[in-house]
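Subject: Structure handover

Hello,

Here is the structure we spoke about. Please look through it before reading on; my notes follow below.

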Amino acid sequence: MSSITLHRARTVLPVATPPIADGAVAVRDGRIVAVGTHDDLTAELGTAVGERHEWDGTLTPGLVNAHTHLQYTDMAAVGRGSYPSFETWALAFEQGYRVEHDWAASAAEGARQSIEGGTTAVAEIVTDPAAGSAVHDAGLHGIVFWEVFGFKRAGWEVDGRERVLAQLDALPSPPATGLSPHAIYSLDTDVFRSLQQLAEEQGVRLHIHAAESASEDEFARFGTGPLADRWRGLGHSDMQLLSAGGSGSGVVHYLDTVGVLTPHSHLAHGIYVDADDRALLRERGVSVALCPRSNAVIGLDAPPIAAYLREGNPIGVGTDSLSSSPSLHVLDDVAELHRLAQVQGYTGDDLHARLLHAATAGGARALGLGLGSGPAPSGFLAADARADLAVFDVASTSPRDALAELVESAPAAVATIVDGRTLWTAAPSTGSGNQGAGSGTQGADSGTRQNGTNR
């Protein structure tokens with residue numbers, strides 16, 4: 001058995017338990033051995049400790065980006081725009097997508113930026129095979145979801161299942177793989193049902209864009225509105241929802257009727273939802289990844305973060321892609337959610353703790369990596385959990401203030417550690433046997449895209 005590596009920081013935020021002043025996390029063979037004060041762990045572990053790292057900042061579980069498209073990192077020019085509606089952004093996205101891209105290099109750059117922001121696991125959606133290996137190559141945890149887009153019932157019945165299985169099988173593992181039925185307006189109803197059955201057969205999770213725009217809600221209810229008009233104009237008037245004049249219910253309830261709301265699925269965005277929708281998501285055990293900065297760029301409303309918190313919905317935090325967001329740093333979205341929660345009237349004194357939970361344990365739950373998911377859960381610091389850690393440049397000395405600074409100010413990451421191995425550090429830690437590298441170093445659809453955005 002190898003020796004223990006001890007990571008010490010001014011403040012340790014375990015998430016599952018209260019913050020610790022002058023805390024430490026003991027790691028061996030990629031797992032956490034113990035969490036506590038530095039003095040207590042030093043006395044308890046004694047000579048079993050080999051390497052020691054003293055980090056200047058706050059140590060947390062690694063962040064989990066619960067919704068992103070690293071593939072689109074080189075489409076940041078689109079994300080730097082400002083759009084009055086989802087439809088106008090979608091047109092800009094389409095124009096940017098048609099330009100020739102090196103998707104492998106773009107996704108790899110997205111993975112690099114994610115790691116440098118303290119992220120250790122991602123829910124990555126890919127649409128092109130070349131982007132499929134970036135998460136694997138970077139050494140990140142999470143799920144790479146193959147996005148299924150543009151299938152109508154007739155085409156699916158010909159060879160849809162075989163084509164999707166081939167794309168899924170081509171994704172390297174680890175990490176885990178999954179399926180992403182894109183959205184209610186880009187797939188026929190029967191295709192959604194088939195994808196749920198396929199996911200169950202293959203033992204993989206689903207990740208779906210849902211309730212992102214008001215026009216999507218109108219599309220689901222009545223088969224009308226600007227999004228429906230656009231899809232009819234693209235020649236998709238024979239889609240089941242459009243031909244039937246809508247489902248008569250909103251997006252969340254429609255998804256429930258086709259069987260995709262299960263504890264093995266999670267949604268992205270979840271903006272246009274009411275109390276009944278949120279109650280149904282809780283009943284089905286479905287998490288929602290909130291992406292507030294992306295929503296703002298696209299000209300959408302803010303997610304109802306205060307209601308999600310008050311009602312107890314499981315939530316994660318996502319950055320979305322650089323085609324609709326200013327950065328891939330999860331804490332930037334956490335800070336925006338903090339601001340929005342206050343604007344929306346949330347007054348609980350647990351706001352900082354719950355938003356850090358959303359960015360760590362909440363994201364891990366959404367991806368099926370959390371407590372109860374297996375022998376090495378992620379998203380919190382405790383004995384036997386996976387040793388995925390992040391250190392942030394927090395100046396505050398008291399644990400309470402450090403937590404508030406982390407959530408409100410989105411400080412830069414100092415180090416990112418996955419399975420006990422330092423993937424990246426902005427500066428070396430002090431102490432014996434330094435494992436970190438020097439400054440700024442890092443370690444190791446339908447297949448044919450159709451018109452319309454598959455973000």
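Arg 386 forms a salt bridge with Asp 419 in this predicted model, and their closest N and O atoms are 3.3 Å apart. A salt bridge here is a side-chain nitrogen of Lys or Arg within 4 Å of a carboxyl oxygen of Asp or Glu. The pair links distant parts of the chain, 33 residues apart. Arg 386 sits in the loop between α16 (351-366) and β13 (389-392). Asp 419 sits in the loop between β14 (413-418) and β15 (421-425). Helices (H or I, at least four residues) and strands (E, at least two) are DSSP runs, numbered from the N terminus. Asp 419 is partly exposed, because its relative accessible area is 30%. The classes are buried (under 20% relative accessible area), exposed (over 50%) and partly exposed (in between), with a 1.4 Å probe and protein chains only.

A word on the ground rules. Residues are numbered from 1 along each chain as its sequence is written, and side-chain values use heavy atoms, with hydrogens and water left out. As the model is predicted, local features need pLDDT of at least 70 and side-chain atom pairs count only at pLDDT 80 or more, while totals for chains, interfaces and linings use all residues.

Other salt bridges

The count comes to 22 salt bridges. Among them is Arg 8 with Asp 22, whose closest N and O atoms are 2.8 Å apart. Arg 8 is in strand β1 (residues 4-12) and Asp 22 in strand β2 (residues 20-28), 14 residues apart. Arg 8 has 22% relative accessibility, so it counts as partly exposed. Asp 22, at 28%, is also partly exposed. Shared partners join Arg 8, Asp 22 and Glu 54 into one salt-bridge network.

Asp 332 pairs with Arg 293, the closest N and O atoms being 3.9 Å apart. Asp 332 lies in helix α15 (residues 330-343) and Arg 293 in helix α13 (residues 292-297), so this bridge ties together parts 39 residues apart in sequence. Asp 332 is partly exposed at 25% relative accessibility. Arg 293 is buried at 12%.

Backbone points

Most residues other than glycine have a negative phi, and most peptide bonds are trans. Which residues go against that here? Asp 22 is not a glycine, yet has a positive phi of about 45 degrees. His 269 is not a glycine either, and its positive phi is about 90 degrees. His 269 lies in strand β10 (residues 265-269) and is buried, at 0% relative accessibility.

The peptide bond from Ser 173 to Pro 174 is cis, with omega near 5 degrees. A cis bond also joins Pro 174 and Pro 175, with omega about 5 degrees. Pro 174 lies in the loop between α6 (153-170) and β8 (176-181). Pro 175 is found in the loop between α6 and β8 too.

The largest cavity

About 50 Å³ of space lies in the largest cavity. On a 1 Å grid over the protein atoms alone, a cavity is a set of points where a 1.4 Å probe fits but cannot get out; lining residues have an atom within 4 Å of a point. Grid points are joined across faces, edges and corners, and the volume is the space filled by probe spheres set on the points. Arg 386 is one of the lining residues, as are Phe 380 and Asp 388. Domain 1 (4-62 + 379-425) and domain 2 (64-367) both give residues to the lining, so the cavity lies between them. Domain bounds come from an automatic or database domain assignment.

Best wishes

Technical notes:
1 Å grid on protein atoms, 1.4 Å probe; cavity = no way out; pocket = protein on both sides within 12 Å on 5 of 7 lines; lining within 4 Å.
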